[in-house]
Amino acid sequence: TNPDFDAALILGGAGITPLTRLEYALELQEQGKLCAPTLIMVGGERPVNEGEIARAKSGELARTDTDFDLSDKSVTTEFDLMRETAAAKLGIADDEWEYFTGDDATVPHGEGFQTEYRIARAYKDGQQILVTSAPMLDEDRYYPDGNKRTRANTIDSLLMIGETMGMGDGNPMRACVVTNAAFVRFQDADAKQALSAHNVDIATVGLTRAHSGLAEWPASEKYPDGAPAYSI
């Protein structure tokens, strides 16, 4: 009902997912349903292999006319995938990106937790484009089985964005989270959990596979390499 936001957050994913989510956000912008001066591609350090890039370049690109051939790009992590997705779709040249890196002292060191962060920033058509990779800021750094998490998750990423955007300085802000329809409920809860202390009003939207021109997958289907289809 109110299209004006301070930021649009495109949550990360595998394969073609970042592109279809970004396209959905841009579609909402073109329709006047989403207006935000900052667009954030929420990535991470999850490794991306050649098989995933191959799937991203496959016939699943039914909806988009974007040249999404990343074979000659340096894509080894989800952060890289999110950056190159934004570059391909928005026409951002390599020399237009600024990079910022650091180490977060609040995350316990020497215990195997991810402490470093990365940010890439560019500007396109008056809009600030950010790509993020967060340290493990969430104090819950263990899986339910008791094993340590090895990488930042969505909550960590949202906490970092809250700090990076200056949220929590006393001024109310609005953020629109963009994901897939199947994930809207729990990722909306994640966003509200992470950003509630920062006085951020959250709206979460998601697109169906049908909206992307993709066939629905049965939950039991898997790719030949063993990756579950529903995670892509």
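G102 has Y117 in β4 as its bridge partner. This belongs to the antiparallel pairing of strand β3 (residues 98–103) with strand β4 (residues 116–124), which are joined by 6 bridges. Strands here are DSSP runs of E with at least two residues, helices are runs of H or I with at least four residues, and both are numbered from the N terminus. Two strands count as paired if DSSP finds at least two bridges between them. The model is a predicted one, in which local features need pLDDT of at least 70 and side-chain atom pairs count only at pLDDT 80 or more, while totals for chains, interfaces and linings use all residues. Residues are numbered from 1 along each chain as its sequence is written, and side-chain values use heavy atoms, with hydrogens and water left out.

On to the next pair: β4 and strand β5 (residues 127–133) run antiparallel and are joined by 7 bridges. Within this pairing, A120 has V131 in β5 as its bridge partner. The hairpin of β4 and β5 has 2 residues between the strands.

## The sheet

These strands are part of an open sheet of 7 strands with mixed pairing, in the order β3-β4-β5-β2-β1-β6-β7. Its edge strands, β3 and β7 (200–207), each pair on one side only. Neighbouring strands of the sheet are turned by 20° against each other on average, direction ignored; the strand axes are lines fitted to C-alpha atoms, and angles in general run from 0 to 180 degrees between N-to-C directions.

Strand β2 (residues 38–43) pairs with β5 in the parallel sense, over 6 bridges. In that pairing G43 stands opposite S133 of β5.

## Overall content

The protein has 5 helices and 7 strands, which follow the pattern β-α-β-α-α-β-β-β-α-β-α-β along the sequence. Of its 232 residues, 50% count as buried, meaning under 20% relative accessible area; exposed means over 50%, and partly exposed lies in between (1.4 Å probe, protein chains only).

The accessible surface comes to about 11,200 Å², and 49% of it belongs to carbon and sulfur atoms. Areas come from the Shrake-Rupley method with a 1.4 Å probe; for residues, only the protein chains shown count as cover. Among contacts (heavy atoms within 4.5 Å) between residues at least 6 apart in sequence, 66% join residues at least 24 apart.

## Aromatic rings and arginines

The structure holds 2 aromatic pairs. One of them is F113 with Y142, edge-to-face at 6.0 Å centre to centre and 85° between the planes. F113 lies in the loop between β3 and β4 and Y142 in the loop between β5 and α4 (154–164), so the pair ties together parts 29 residues apart in sequence. Rings of Phe, Tyr and Trp (its six-membered ring) pair if their centres lie within 6.5 Å; planes under 30 degrees apart are stacked, over 60 edge-to-face, and the rest tilted. F113 is buried at 9% relative accessible area, whereas Y142 is partly exposed at 39%.

R141 lies over the face of F113, 5.7 Å from the ring centre. R174 lies over the face of F5, at 4.1 Å from the ring centre. A charge sits over a ring if NZ of Lys or CZ of Arg is within 6 Å of the ring centre and within 35 degrees of the ring normal.

## Positive phi

Most residues other than glycine have a negative phi. D125, in the loop between β4 and β5, has a positive phi of about 50° although it is not a glycine. D125 is exposed, with a relative accessible area of 78%.

N199 is not a glycine either, and has a positive phi of about 60°. N199 lies in the loop between α5 (184–195) and β7 and counts as partly exposed at 42% relative accessibility.
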